[in-house]
Amino acid sequence: MKIPFVSFLPMERELDSELRQAFDRVFSRSWYIEGVEDEAFEKAFAEYCGVHYCVGVGNGLDALMLALKALEIGEGDEVIVPSNTYIATALAVTYVGAKPVFVEPKIETFNIDPDRIEAAITGNTKAIMPVHLYGQACDMDPIMDIARVHHLKVVEDCAQAHGATYKGRKVGTFGDAAGFSFYPGKNLGALGDAGATVTNDEGLAQKIRALGNYGSDYKYHHIYKGNNSRLDEMQAAFLAAKLPVLDKMNEERRRIAQRYMSEISNPLVTLPTVEEAYVPVWHIFAIRCKNRDQLERFLTDAGIGTNKHYPIPMHLQKCYADLGFKEGDFPIAEEISRTELSIPMYYGMTEAEISHVIDTINAFRI
């Protein structure tokens, strides 16, 4: 049995009519940037998240970068980010001229450890960027308490967590702003690159929109040195077609995850930990194994696709060599990079496929 790491086919077949109608609707108007589709999706996504404003942008990296830029974080400033995340989180900080300051995660949840944040705060710290990694919320109460005490901004990285909740409240509603990615593989994915920044601050939303439109508040009037990052009409229409079924698809991911959590019983494998008050959306189902590479080959031989998130931690990436870190400086992130393996998790997996993944993992020996 061949099981890919991810497949869009079940979802796309189910939404075939809606997606084709969305394409036809946009194509028939011959209007492709900043139109009615963008406006409608922004309104719908803001309502879904439980915020007042949503600004569509070109991708998830821009969603974070424009939020930081709008908050006037730049040269000489520091932003706290988790040491275990996709590099886009740190790049957003770098792109505004600030310095990413890495803080270790809790190895059980993969998310930033609030107990380690205050030790990383300096006189240059201006913001915290918690990442709701793999679809599980960070522990936001203590993070927000730290931010209030130290007068720091909070920009949530929600790129992998569309619809995830923390104590009954959706991610993206805690900080000053939040960035979402709609890369095709996300739980809510476009058919190309796309993103959005959400906020409850009207002035901040207006500034983000202007910054993403060449710094212009109206045509040929430029009040900021901005960027070109706008959600196009076609992607907005595709996203609007998918949004109504996002909760249904997230619920299916939770059902698959529940089978994994209850039926994977190999003592060589460590399952993720989920706090009782958190409702993940399982963008990634990440397990850990000291013999990760052997397990990866074992699953590959059984026809099961896998991925590693992320095999080289950010502080050891060549592009951040200028920060001066060496192996051993962030041992938890490094341990995760050596042991993490992501197994198939997508809407439309059959019971037989789920069982094959479980049975194969349970059969692994060294």
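What follows is a chat about ring pairs, a surface patch and salt bridges in a predicted model.

Me: What kind of model is this, and how are residues numbered?
Reply: The model is predicted, so local features need pLDDT of at least 70 and side-chain atom pairs count only at pLDDT 80 or more, while totals for chains, interfaces and linings use all residues. Residues are numbered from 1 along each chain as its sequence is written, and side-chain values use heavy atoms, with hydrogens and water left out.

Me: OK, rings. How many aromatic pairs does the structure hold?
Reply: There are 17. Rings of Phe, Tyr and Trp (its six-membered ring) pair if their centres lie within 6.5 Å; planes under 30 degrees apart are stacked, over 60 edge-to-face, and the rest tilted. One of the pairs is Y86 with Y310, tilted at 40° between the planes and 5.7 Å centre to centre.

Me: Where do Y86 and Y310 lie in the chain?
Reply: Y86 is in the loop between β2 (78-82) and α5 (88-95), and Y310 is in the loop between α10 (292-301) and α11 (331-339), 224 residues apart. Helices (H or I, at least four residues) and strands (E, at least two) are DSSP runs numbered from the N terminus.

Me: Is Y310 buried or exposed?
Reply: Y310 counts as buried, at 15% relative accessibility, whereas Y86 is partly exposed at 48%. The cut-offs are under 20% relative accessible area for buried, over 50% for exposed and in between for partly exposed (1.4 Å probe, protein chains only).

Me: Why is the Y166 and F174 pair called edge-to-face?
Reply: Because the planes are at 75°, with the ring centres 5.6 Å apart. Both Y166 and F174 are buried.

Me: What sits over the ring of F174?
Reply: The charged end of R169, 4.1 Å from the ring centre. That label needs NZ of Lys or CZ of Arg within 6 Å of the ring centre and within 35 degrees of the ring normal. K170 lies over the face of Y48 in that way, at 4.4 Å, and Y48 belongs to a cluster linked by ring pairs with F41, F45, F180 and F182.

Me: Switching topic: which residues does T339 touch?
Reply: T339 touches I287, R288, C289, K290 and R292, leaving out residues up to four places away in sequence; contact means heavy atoms within 4.5 Å. T339 is in helix α11 and is buried at 3%.

Me: And salt bridges, how many does the structure hold?
Reply: 21. Each is a side-chain nitrogen of Lys or Arg within 4 Å of a carboxyl oxygen of Asp or Glu. Among them is E42 with R209, whose closest N and O atoms are 2.9 Å apart. E42 is in helix α3 and R209 in helix α7 (residues 202-211), so the pair ties together parts 167 residues apart in sequence.

Me: Is E42 buried or exposed?
Reply: E42 is buried, at 8%, while R209 is partly exposed at 36%.

Me: Which residues are linked in a network with E252?
Reply: R255, R259, E263 and E351 are linked with E252 by salt bridges. E252 is buried at 18%, and R255 is partly exposed at 31%.

Me: Last one: which residues make the nonpolar surface patch?
Reply: F23, F27, Y32 and I33, over about 370 Å². Patch residues have over 30% relative accessible area and no salt bridge, with like charges joined within 9 Å and nonpolar side chains (Val, Leu, Ile, Met, Phe, Trp, Tyr) within 5 Å; areas come from the Shrake-Rupley method with a 1.4 Å probe, and for residues only the protein chains shown count as cover.
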